[in-house]
Amino acid sequence: MNVRDSEHIIAELKEKENYELTQDIGEADLILINTCSVREKPVHKLFSEVGAFEKAKKAGAKIGVCGCTASHLGSEIFKKAPYVDFVLGARNISKITTAVNTPKFVSTDINYDESDYAFGEFRGSPFKSYINISIGCDKKCTYCIVPHTRGDEISIPMSLILSEAKKAADSGAKEIFLLGQNVNNYGKRFSNAHEKVDFSDLLVRLSEIDGVERIRFTSPHPLHMDDKFLEVFSKNPKICKSMHMPLQSGNTKVLREMKRGYTKEWFLDRALKLRSLAPDVSISTDIIVAFPGESDDEFADTMDVIEKVRFEQIFSFKYSPRPLTKAAEFGNQIPENVASARLTHLQNRHNEILDEIVKAQNGKIFDVYFEELRANGGVAGRSFNNFLVQVQGSEELLGKTLKVKVDNPKRMVLYGNLA
């Protein structure tokens, strides 16, 4: 989502202020830092980065801080880094041209409505188009700062989404990547009158666009994975068979304290139904270990879900207290040594599972959409079910979907040859 926000900012500045991108900080007239605040470390990193930019920039160059940390800290950023010229929150990026031209500009309204704002065209990759389908989040997860930095959830009108997808396809992008905090909650609320539509309907409409060959999305919420959604996902030939299902915890009591809205049993039911409907699907997840009060037995429930679902990818973290969140006020925080031990145990076991999954890919043939040049003559792309696959080749492969036979599978990359 931050990548897409950055693309929107670039589009606005290119179209309305005649800016061009540069990789040379010495010639930059404007330096932008687009921030995240989901975990504590990026917030700390911001101020060291800003300080380094201040020393390296040319005289007169401006520095702007954008994104979620901007929403959270607002004008406090000026106190810690007085050389910052403006602060622009995650829900206010359409104001970038005003920010650039207004000394010490601050706009951090988390409920500013940009849902029907038509941003200009800019994509970092000619082969893929990121498209926001909603902004904000209506969930109240007790560990999460996002609702406090991105505001209430509003769906973007379907006409804007379809128009953006068609433009991308017409310009050669074969893959559409839909973005939202909870994409499968799409259609619950629009700013203005709108036909009744849900995420499954949107997927079908997007799949009807000529030139769109692949549709991906992140992140769906397990609570909203109804049968209609799983059926459309599994049967539509343009929807890539990879699903991100954020588990967070495998224990129902912990899930209730996190305010996730589902149980261990519901998550397992949805994940295993997905496996049965789409046998080639890859499933990724997010897991927080050592949530306040988590017992050894409750952590064991998380490990049980890992054993039953056998995720192809896990993004795992120790619980990090975030300001403005309920869980930060909980008194039963887990000791650091216990949290570290649980994370290590989880990651080690998942690596064992992943090695088995990867080994099973040897000899398989995948349709790979090539979109990235890599070192030493490598060209990489994604299989339909989201494995990263690499072959030897050149830029003439970019933008093509070709069959690859895997002969050297590794955890992070499946190496092979054109079939």
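**Close-up views of a predicted model**

View 1. Arginine 4 counts as buried, at 3% relative accessibility. This model is predicted. The side chain of arginine 4 meets that of glutamate 7 in a salt bridge, 2.7 Å from N to O. Glutamate 7 is buried too, with a relative accessible area of 7%. In general, an α-helix has 3.6 residues a turn, so residues three or four places apart point the same way. By the distance rule used here, the count comes to 33 salt bridges.

View 2. Aspartate 301 and lysine 264 meet through their side chains, with 3.2 Å from N to O. This pair links distant parts of the chain, 37 residues apart. Aspartate 301 belongs to helix H12 (residues 296–309), and lysine 264 to helix H11 (residues 264–277). Is lysine 264 buried or exposed? Lysine 264 is buried, because its relative accessible area of 11% falls under the 20% cut-off. Aspartate 301 is partly exposed, at 22%.

**View 3. Glutamate 312 and arginine 275.** Their side chains form a salt bridge of 3.1 Å, N to O. Glutamate 312 sits in the loop between H12 and strand E12 (313–318), whereas arginine 275 is in helix H11. The pair therefore ties together parts that are 37 residues apart in sequence. Glutamate 312 and arginine 275 are both buried.

**View 4. A salt-bridge network.** Which residues are linked in a network of salt bridges? The network consists of Lys128, Glu175, Arg216 and Glu371.

**View 5. The buried residues of helix H9.** Helix H9 spans residues 227–235. Phe229, Leu230, Val232, Phe233 and Ser234 are buried in this helix. What do the buried residues of H9 pack against? Their partners are helix H8 (199–207), strand E9 (214–218), strand E10 (242–244) and H11.

View 6. The structure holds 12 aromatic pairs. One of them joins phenylalanine 217 and phenylalanine 233, edge-to-face. The ring centres are 6.1 Å apart, with 75° between the planes. Phenylalanine 217 is buried, with a relative accessible area of 6%. Phenylalanine 233 is buried at 0%. Ring pairs also bring in Phe199 and Phe229, giving a cluster of Phe199, Phe217, Phe229 and Phe233.

**View 7. Tyrosine 262 and phenylalanine 267.** These two rings form a tilted aromatic pair. The distance is 6.2 Å centre to centre, and the angle between the planes is 35°. Tyrosine 262 counts as buried, at 5% relative accessibility. Phenylalanine 267 is buried, with a relative accessible area of 0%.

**View 8. The second largest pocket.** This pocket has a volume of about 580 Å³. Its lining comprises 22 residues. Which of them lie nearest the centre? Leu21, Thr22, Leu30, Ile31 and Leu32 do. H1 and strand E1 (30–35) are the elements that give two or more residues to the lining. By type, the lining divides into 13 nonpolar, four polar and five charged residues.

Methods. Residues numbered from 1 in each chain as written. Predicted model: local features only at pLDDT ≥ 70, side-chain atom pairs only at ≥ 80, totals over all residues. Heavy atoms only, no water. Salt bridge = Lys/Arg side-chain N within 4 Å of Asp/Glu carboxyl O. Buried < 20%, exposed > 50% of the residue type's maximum accessible area, 1.4 Å probe, protein only. Helix = DSSP H or I, 4+ residues; strand = E, 2+ residues; numbered from the N terminus. 1 Å grid on protein atoms, 1.4 Å probe; cavity = no way out; pocket = protein on both sides within 12 Å on 5 of 7 lines; lining within 4 Å. Points joined across faces, edges and corners; volume = space filled by probe spheres on them. Nonpolar A, V, L, I, M, F, W, Y, C, P; charged D, E, K, R; others polar. Contact = heavy atoms within 4.5 Å. Phe/Tyr/Trp six-rings, centres within 6.5 Å; stacked < 30°, edge-to-face > 60°.
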